Amino acid sequence: MEILPRPVGHEDRTGPAFWVDEAIWGHRLHDEQSPWLILLEFLGVLRSESLAGRALSEVEFNKLSYRPQTQLRLRNLIFNNPYLLPIGSERLSDDVAWTKWLELMQQNAGGLEDRDFSYLRHRFDSFEDFSAVVGFLQSSAIEGTSNKRWSSKFVFPFGPNALYEDAAVTASGVSTDRRFFARTGEVLYLMLARAKRAADLRDRLVGKLFEQPTVYDRLVSALQGETQLAENDRPGAYLPCSAHPIFDQMADDWIAILDSPISVFDALPHLVTITGLNLIRYQLERARELLNAVPITMVCEIVSPRKTVVRDLAADSFQSNNVLPGLAIEHYIRSAANTHDWQAALSSDDALLSAAEVLARQFDWPDPDELSSDLTNPGVLLDELVSRAKVRHAQHVGKVHSTWARQIGLSSRRSSRRVRYAPTDRLLKTLVVCCVTERLEFKDFLRALHDRYGLVIGDHQAASIIGAGKADQEDFSDNARRLEERLISLGLLNRLSDSAAYVENPFRREVRA
Amino acid sequence: MPNNNWIRFLRNYGPIPTNDNMYDETIQRALTRLKIAPIELPAPHLDWLVDNFRSEGCLSIILTGTAGDGKTYHCRRVWLGLGGTIEDWNGGAKIQRLALGARQLVVVKDLSELRADESKPLIEQMAWDVANPAAPRVYLLAANHGQLLEKLKSAGTDKTTTALVEVVENLLVTGRSGNDAIKLDLKDLSRSAAVVMIDQVIDAVTQHPGWKGCLDCPALNEAHCPIRENRERLIGTNDVGLFRSRLGSLVEASEQNGGHFTIRQALSLVTNIILGHPDAKDGLMSCNDVASLAAAGTGELASPYRNVFGGNLKRSRAERTEPFRKLHLFGIGSETSNKVDNMLVYGADDPALLATYSALVQADPIYGETPTYKRAQQAYLEGDDPSAATRFLTLLQGQRQRLFFTIGEELAENLDLWDLTVFRYAGLYLETARALAEKRPLPRQVMPMLIRGLNRVFTGMLIQNQDELVLASAGSQSQSRTSPLLEEFVSVARRGGEEVSLVGDNQGGMQLVVKLSRDDPPPISLQLSTTRFEFLGRVAEGALPSSFSLECHEDFLAFKARLLSAVERRRVLDGDDRATDIVLKFIDLNLDGRASSRSVTVRI
């Protein structure tokens with residue numbers, strides 16, 4: 001399995017203590033970064049790289065270094081500005097209201113050297129108008145109802161001016177703590193940059209998002225004033241493989257969505273969903289490659305009112321996939337013991353020190369100069385690394401599959417105690433948009449879902465499960481029939497009769513109508 | 001013992017497990033054996049088909065449809081109509097050939113009967129022939145949708161065959177061929193007008209000469225016969241055809257919702273209405289059963305109004321069997337309406353309700369106020385016996401079903417007839433559809449209701465505007481629940497090229513058409529199914545039961561997205577100057593609940 005060398009040449013103080021999860025999946029997948037925030041981080045990278053004239057193209061692997069926007073004036077106005085309603089309700093004269101508000105901002109705005117917002121006064125006819133515009137931008141924020149800190153809230157990506165990076169703002173200043181922009185967006189960027197159709201995708205993304213500024217982007221720009229950039233570049237992104245079928249799949253999906261005759265704003269939620277799905281697939285697939293296991297499948301129950309065999313199988317499938325990354329970690333570390341270097345180290349004079357050096361070269365742990373005294377022999381060393389890596393893995397990377405699967409509507413616990421794959425309507429619609437250019441026979445659609453994403457829904461796809469006697473053909477054909485009904489009710493399927501049905505791309509059909 | 005061969009034969013059309021009369025082929029054999037005249041079923045495309053094949057530049061035809069739409073029946077009639085003999089036809093060759101002047105007509109009554117090695121050369125030959133105007137062969141091919149596609153796709157991949165497959169797919173899905181060089185048309189029998197069809201099936205069954213056999217029945221003048229009673233009711237001599245016209249309305253409303261009735265299902269339904277009884281074998285009476293059922297005192301369970309919904313069958317079976325599954329969706333019987341229920345429960349004792357009660361319930365001693373009903377009603381009202389309530393409520397269901405088919409037009413509005421169904425606006429829907437088809441003025445309340453409903457969906461606010469369409473956006477995604485920004489008001493009445501109207505679709509349905517200007521951008525339309533119409537009606541009224549899934553909501557949001565992009569296009573055509581200040585129009589709600597707009601200017 002391909003693992004590119006870790007980027008060197010910079011000291012990242014907050015960087016990982018050892019290089020295990022990162023070597024397998026990249027730096028890094030992080031469960032607390034929701035798929036929407038992954039997209040936003042990605043767009044920030046894309047914007048910066050696009051201005052530098054190299055959008056979605058990598059000069060050298062893992063040398064990405066970009067300068068994100070911060071747009072702190074805008075963010076203070078929208079998310080750190082609890083004064084509008086109280087002032088509005090005091091029924092002050094316009095002049096007094098502005099003065100009072102400017103004063104409050106002068107005292108309380110965060111992360112700004114210059115807290116003078118008086119430039120806004122001449123942009124609006126009245127304080128009330130200003131208040132209405134801010135209210136509107138609040139209401140359209142991404143995950144607007146979350147209770148995250150204000151500096152981790154995001155306006156809808158109306159255009160280049162609405163993009164900025166997550167930050168921690170404290171009395172001591174602005175810092176990048178990577179709490180919610182944990183580099184998964186960078187990983188996504190590298191994936192798409194390494195996809196076969198990267199250039200096709202770039203033209204569409206840049207053209208649709210950056211080159212036709214929308215009225216709302218201009219609005220955001222009017223509030224923000226001049227663009228604010230971060231003080232330093234952000235290097236250190238890392239993706240371990242130079243190419244992967246999932247990268248190509250992801251790019252194809254993105255292109256299919258962007259080519260749909262819908263506004264780019266409406267395309268974004270679909271991009272978010274399909275990105276989540278492909279990232280989950282990527283995590284499982286890399287684990288599978290390490291373990292040399294059978295291809296990843298996800299048995300999906302199309303929710304039925306009663307408990308079915310498929311429901312149990314879908315829960316089993318979820319569980320077995322969920323533990324895969326953890327198994328991969330252990331396997332990856334322990335396979336170090338099979339190397340020639342390790343054998344040589346064992347037979348050297350100071351076996352412990354040599355072994356520590358071998359591990360340090362591959363995993364950045366331990367520091368051979370500061371070996372703790374309870375690490376008495378190479379075997380213990382290996383065990384210790386496995387146990388540390390597992391603890392760390394369980395904190396974030398190990399939760400990626402279950403967290404994102406829930407967030408994109410792939411998994412659910414609906415009417416069951418066990419989590420299982422049970423796609424929601426939203427996910428189904430995205431899948432149709434990605435797989436169906438105009439129309440596709442239903443059974444071909446089922447096959448496409450299986451071939452592209454490993455989703456098992458109908459009896460054809462479940463042949464091996466049925467062959468193993470775990471379910472009857474009827475269980476899965478009923479499952480497929482439920483999908484058919486669901487797609488009909490979503491307006492995504494045209495059933496000509498009991499025996500023939502077409503899945504239709506809703507947007508294309510509307511254009512034709 | 002009374003025994004009418006015809007009824008024995010008819011019984012096979014009903015929803016019985018063997019369902020011997022499923023296939024045209026078996027029917028033909030049974031007819032000869034029992035010496036019964038065939039049921040003359042509607043064949044709406046027959047004349048057109050025969051004319052086509054007689055004409056000089058005739059097209060090859062593919063007949064398709066759901067199983068039971070009468071494909072084989074059409075083929076046989078065309079065969080006979082063009083001079084083929086019944087003997088040749090009954091010979092049973094899978095591919096039949098008939099000389100047609102200088103050409104040869106190739107008839108395949110069921111493509112799925114052919115093995116792959118038979119169908120492949122046939123289809124490839126056909127692909128050549130339809131592409132060649134001087135070809136010596138024309139075709140009449142029948143297959144249901146799935147088989148048709150499967151056979152076509154498993155045939156060759158050469159250019160001519162691929163062209164044929166593409167044309168067939170286009171015809172199937174869009175109804176347009178997209179390639180005039182291919183001399184082929186496709187008739188989808190599942191798109192025939194259902195109401196006309198059900199009416200013809202009722203006539204074909206109830207007026208069949210076989211009923212004359214009843215005149216020889218030894219019990220003709222002695223006892224009440226539910227079979228004959230149900231037939232009478234379906235014919236409609238005593239209720240001016242009310243029963244059958246309501247039945248037609250249900251079928252129509254179902255069709256407009258995508259719930260298609262095949263001829264075979266219509267036959268099964270009509271048979272079940274006449275012969276249904278829960279205590280008979282397979283739920284269908286034969287002549288022999290009548291006396292014993294009467295002796296058991298359960299004659300009233302043969303109510304044709306319950307039979308419509310498969311009430312004579314086991315519940316699980318009725319839910320699985322067409323056409324009852326489709327009719328179940330209307331919820332008739334389980335939906336309650338206060339007015340009707342009050343009348344049914346208290347009508348006998350409440351002077352204010354008595355007149356209606358006696359007209360609607362007492363007037364029908366057979367299926368209305370029967371002794372059983374009266375006893376259950378009394379027991380329920382007196383409330384001594386706890387099991388009485390359940391018993392009475394079950395009977396109540398049957399009464400609601402009966403009333404749906406028997407409340408006359410003059411009382412329908414007063415008693416809110418369609419409240420007895422899940423689709424409370426289906427009556428208005430059908431009335432509107434008929435008005436459109438006959439080019440009469442629409443019912444007055446329709447447009448304001450639809451517009452108000454649309455506006456509420458479009459804005460996510462409970463607004464009252466009904467004279468103009470309020471196109472609102474959230475600025476970001478069109479899927480947002482609320483949309484605070486006004487994009488445009490579109491006048492409903494024709495004004496400056498703008499207009500919102502309902503247009504009939506020539507298939508008994510309707511479309512909502514929004515025009516933004518005289519020519520460009522072109523009008524935007526949305527098919528209004530029974531469900532979508534209902535959704536808008538309920539939203540306009542202010543309450544929406546959660547049973548209406550998100551499907552409609554999504555549909556309307558997608559419609560809005562199309563309208564918004566048309567508005568955008570109009571702005572571009574109008575040459576909107578976008579370089580200057582930004583103007584946002586926020587939607588404000590006035591005290592009377594109407595939306596108005598407030599402009600906010602942002603200077604750049």
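I count a residue as buried if 20 or more other C-beta atoms lie within 10 Å of its own. The model I am examining is predicted.

**Entry 1: helix H2 of chain A**

I applied that cut-off to H2(A) and found the helix mostly covered, with 16 of its 17 residues buried. I then looked up its length: H2 of chain A runs over residues 35–51 and reaches 24 Å from its first C-alpha to its last. That span is close to the 24 Å expected at 1.5 Å a residue. Past the helix I noted A:Gly53, whose phi is positive, near 80°.

**Entry 2: A:Leu371**

I located A:Leu371 in the loop between helix H14 (351–363) and helix H15 (378–395) of chain A. Is this residue buried, exposed or partly exposed? I class A:Leu371 as partly exposed because 14 other C-beta atoms lie within 10 Å. Leaving out residues up to four places away in sequence, I found that A:Leu371 touches A:Leu352, A:Ala356 and A:Pro366. I also checked A:Asn321, 50 residues apart from A:Leu371 along the chain, and the two C-alpha atoms are separated by 36 Å.

**Entry 3: domains of chain A**

I consulted the domain assignment of chain A, which gives domain 1 (1–242) and domain 2 (328–398). Taken over C-alpha atoms, the centres of these two domains are separated by 39 Å. The contact takes twelve residues from domain 1 of chain A and twelve residues from domain 2 of chain A.

**Entry 4: chain A against chain B**

How many residues of chain A are in contact with chain B? I recorded 36 residues of chain A in contact with 34 residues of chain B. Several elements of chain A each supply at least two residues to this side, among them helix H6 (127–139), helix H11 (264–291) and strand S9 (500–504). The residues on the chain A side divide into 18 nonpolar, eight polar and ten charged.

**Entry 5: a hairpin in chain B**

I turned to strand S8 (residues 499–504) and strand S9 (residues 510–515) of chain B, which pair in the antiparallel sense over six bridges. Which residue of S9(B) is the bridge partner of B:Gly504? I identified that partner as B:Met510. S8(B) and S9(B) form a hairpin with five residues between them. In the turn I noted B:Asn506, which has a positive phi of about 65°.

Note on methods
Residues numbered from 1 in each chain as written. Chains lettered and ligands numbered in written order. Predicted model: local features only at pLDDT ≥ 70, side-chain atom pairs only at ≥ 80, totals over all residues. Helix = DSSP H or I, 4+ residues; strand = E, 2+ residues; numbered from the N terminus. Buried ≥ 20, exposed ≤ 12 C-beta atoms within 10 Å, placed from the backbone. Contact = placed C-beta atoms within 7 Å. Pairing = 2+ DSSP bridges. Expected span 1.5 Å × (residues − 1). Domains from an automatic or database assignment. Nonpolar A, V, L, I, M, F, W, Y, C, P; charged D, E, K, R; others polar.
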